[in-house]
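The tour goes stop by stop.

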Amino acid sequence: MASFGELVLVLGDLHIPERANAIPESFKRMLVPNKMQHVICTGNIGREQFNELCTLAPNVHVVQGDFDDDETLPFPEVQVVQVGQFRIGLIHGHQLLPSPSSQDAKTRMRRKLNVDIFISGHTHQNEVVLEDGYYHINPGSITGAYSAITPDVTPSFILLAVQDTKLVCYVYELNKKGEVEVSKTEFTKPERPASDATTPGNNNPALLQSLLS
């Protein structure tokens, strides 16, 4: 565990039970309690699912989604979380104008929050973008809930491994055959913008299991 630094589970847009029945079993088997230090959720989550997230890690950070109407779960619209040497900003994403997929809008919000990593959801489409030495991340929908923005939704979530100034980002997707596919990106936080570095990694469907074992 120590060699991987702090592990951060990033997920969102569950929409249970309105648009999806449950988190896919292939994903659920991977989510082992107390192996991660943080859970970050982009919203649209019910009480039962929130309680489940609270069993996974000691630090759970959730923002208000556009369909979150449970008054007993008064999540904030914006959160800023410090993980290692990275400041992470979080919103649901429907607040971004002119659209939740606009990189310009994400850049403006990331600058406003003064963070190294900006996380948003709402589109139900996972995305990892490096821009000017900063990360824009969207975990997609872990349940694969339908969306008017993304007609064909692929269930997905993201795991971040943070160690010092290094960040490794793993994207987990459930393909049409029900198999888990993994992609990996490595990023080193620069001292100066010219020091940015990202390198693609080898795919490894069993990677999360090894990280959490």
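**Stop 1: a ring cluster**

Select Phe27, Phe157 and Tyr172: ring pairs link them into a cluster. Bear in mind that this is a predicted model.

A search of the whole structure finds five aromatic pairs. A pair of aromatic rings is described by the distance of the centres and the angle of the planes. Tyr135 belongs to strand β8 (residues 134-138) and Phe187 to strand β11 (residues 180-188), and the two are 52 residues apart. The pair thus links distant parts of the chain.

Return to Phe157 and Tyr172. Their ring centres are 4.8 Å apart and their planes are at 5 degrees; under 30 degrees counts as stacked, so the pair is stacked. Phe157 sits in strand β9 (residues 156-163) and Tyr172 in strand β10 (residues 166-174), so the pair ties together parts 15 residues apart in sequence. Both residues are buried.

**Stop 2: the cores**

Stay on Phe157 and Tyr172. The largest nonpolar core has 32 residues, and Leu11, Phe157 and Tyr172 touch the most other members. Which elements each supply at least two residues of this core? Colour β1, β2, α2 (47-54), β9, β10 and β11. Strand β10 gives the most, with four residues.

Then select Ile40, Phe86, Leu90 and Phe187. These are among the 20 residues of another core, which lies apart from the largest one. In soluble globular proteins, nonpolar side chains tend to be buried together.

**Stop 3: Val8**

Go to strand β1 (residues 6-11) and pick Val8. Val8 has a relative accessible area of 0%, so it is buried. Show its neighbours: leaving out residues up to four places away in sequence, Val8 touches His38, Ile40, Val83, Ile158, Leu159 and Leu160. Next, draw a distance from the C-alpha of Val8 to that of Val162. The separation is 7.8 Å, for residues 154 positions apart along the chain.

**Stop 4: charges over rings**

Select Arg19 and Phe67. The charged end of Arg19 sits over the ring of Phe67, 4.7 Å from the ring centre. Then select Arg110 and Tyr134. Arg110 lies over the face of Tyr134, 3.9 Å from the ring centre.

**Stop 5: the whole chain**

Zoom out and show the cartoon. The chain has four helices and twelve strands. Of its 213 residues, 51% are buried. Among contacts with a separation of 6 or more, 54% join residues 24 or more positions apart.

**Stop 6: confidence**

Colour by pLDDT. The chain averages 87, and 88% of the residues score at least 70. Where among the elements are the lowest and highest mean values? Strand β12 (residues 197-200) has the lowest, 38, and strand β2 (residues 38-41) the highest, 98. Finish on residues 194-205. There pLDDT stays under 50, and the model has 24 contacts beyond four places in sequence for this stretch.

Note on methods. Residues numbered from 1 in each chain as written. Predicted model: local features only at pLDDT ≥ 70, side-chain atom pairs only at ≥ 80, totals over all residues. Heavy atoms only, no water. Buried < 20%, exposed > 50% of the residue type's maximum accessible area, 1.4 Å probe, protein only. Contact = heavy atoms within 4.5 Å. pLDDT = per-residue confidence, 0-100. Phe/Tyr/Trp six-rings, centres within 6.5 Å; stacked < 30°, edge-to-face > 60°. Lys NZ or Arg CZ within 6 Å of the ring centre and 35° of its normal. Core = buried A, V, L, I, M, F, W, Y, C linked by side-chain atoms within 4.5 Å.
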